[in-house]
Amino acid sequence: MSEYSREKALQARINEFLTEQFDLPAIDYYSKLDITGFLKFKLALSDINNILTLKLTSVFAEMLGAALHFDAKQMSAIRSQIDLTKPNANGFDIELSSPFSVVVEVKCVIPINQGEVYGSAQRKGIEKDLDALSKGKSKSPIDVTKALRFMVFLDIPKVRAATRHFLASSVVDSSLIEIVKSTTNFVVGKIYIWFIKI
């Protein structure tokens with residue numbers, strides 16, 4: 001039985017990823033990178049969460065538009081707002097005041113260690129966003145108590161399980177929360193958890 005080697009495990013993961021995702025020859029890319037190469041690689045990958053958030057936000061916007069019967073002009077305005085919002089901006093991921101108020105937080109969190117429970121930092125981030133959906137944000141002009149409110153997650157089994165665990169074990173007022181189903185009728189006063197496939 002061979003001993004675990006952190007470097008060999010990391011080396012294998014990077015090599016397998018590059019080989020499989022880009023259909024590259026199966027060679028040792030890890031060994032070809034020096035510290036400068038790793039720093040450039042890290043910089044290139046640092047926007048992955050922002051890319052996932054953008055993709056999830058865009059897919060959600062289309063589904064929201066269909067559910068709320070937005071017209072082409074309203075959908076164009078939403079798409080434009082999403083594209084013009086800088087990553088990590090202090091407002092909501094989507095905020096609309098017309099034809100009615102809507103605020104949305106999009107979470108691209110994956111439970112740590114391939115598990116089905118969020119880590120403490122992830123829980124704090126979700127709690128912070130739920131608090132903003134409950135009370136509003138200083139940078140947003142929208143009165144969230146009069147808005148349709150949504151928190152969007154990736155629709156994968158581990159995220160669903162971790163989110164259900166979070167809701168069952170957190171201090172969040174569960175009477176405010178509703179998980180979206182195909183039959184959900186949206187009303188002001190609830191915070192809707194919507195799982196979206198991308």
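Visitor: Is Asp 23 buried or exposed?
Guide: In this predicted model, Asp 23 counts as exposed, because its relative accessibility is 72% and the cut-off for exposed is over 50%.

Visitor: Where does Asp 23 lie?
Guide: Asp 23 is found in the loop between helix 1 (6-22) and helix 2 (29-32).

Visitor: What is the phi of Asp 23?
Guide: Phi of Asp 23 is near 50 degrees, which is a positive value in a residue other than glycine. For context, most residues other than glycine have a negative phi.

Visitor: And what about the phi of His 69?
Guide: His 69 also has a positive phi, near 60 degrees, and is likewise a residue other than glycine. His 69 sits in the loop between helix 4 and helix 5. With a relative accessibility of 68%, His 69 therefore counts as exposed.

Visitor: Let us turn to those helices. At what angle do the axes of helix 4 and helix 5 cross?
Guide: The axes of helix 4 (residues 48-67) and helix 5 (residues 72-84) cross at roughly 165 degrees and come within 10 Å. The two helices are therefore roughly antiparallel to each other, since the angle is over 145 degrees.

Visitor: Is that crossing left-handed or right-handed?
Guide: The crossing of helix 4 and helix 5 is right-handed.

Visitor: Which residues make the contact?
Guide: Helix 4 contributes Leu 54, Thr 57, Ser 58, Ala 61, Glu 62 and Gly 65, while helix 5 contributes Met 75, Ile 78, Arg 79 and Ile 82. Five of these contact residues are nonpolar, three are polar and two are charged.

Visitor: How many helices and strands does the protein chain have?
Guide: The protein chain has seven helices and five strands. Along the sequence, their pattern is α-α-α-α-α-β-β-α-β-α-β-β.

Visitor: What does the C-alpha trace span?
Guide: Along its principal axes, the C-alpha trace of the protein chain spans about 60 × 40 × 30 Å. The accessible surface of the chain comes to about 12600 Å², and carbon and sulfur atoms hold 56% of that surface.

Visitor: What share of the residues is buried?
Guide: Of the 198 residues in the protein chain, 37% are buried.

Visitor: And how much of the contacts comes from residues 24 or more positions apart?
Guide: Such residues account for 63% of the contacts in the protein chain with a separation of 6 or more.

Notes
Residues numbered from 1 in each chain as written. Predicted model: local features only at pLDDT ≥ 70, side-chain atom pairs only at ≥ 80, totals over all residues. Heavy atoms only, no water. Axes fitted to C-alpha atoms, helices over the stretch in contact; angles between N-to-C directions. Helix = DSSP H or I, 4+ residues; strand = E, 2+ residues; numbered from the N terminus. Parallel < 35°, antiparallel > 145°, perpendicular 65-115°, else oblique. Left-handed = near helix turned anticlockwise from the far one by under 90°. Contact = heavy atoms within 4.5 Å. Nonpolar A, V, L, I, M, F, W, Y, C, P; charged D, E, K, R; others polar. Buried < 20%, exposed > 50% of the residue type's maximum accessible area, 1.4 Å probe, protein only. Areas by Shrake-Rupley, 256 points an atom, 1.4 Å probe, with all protein chains shown as cover.
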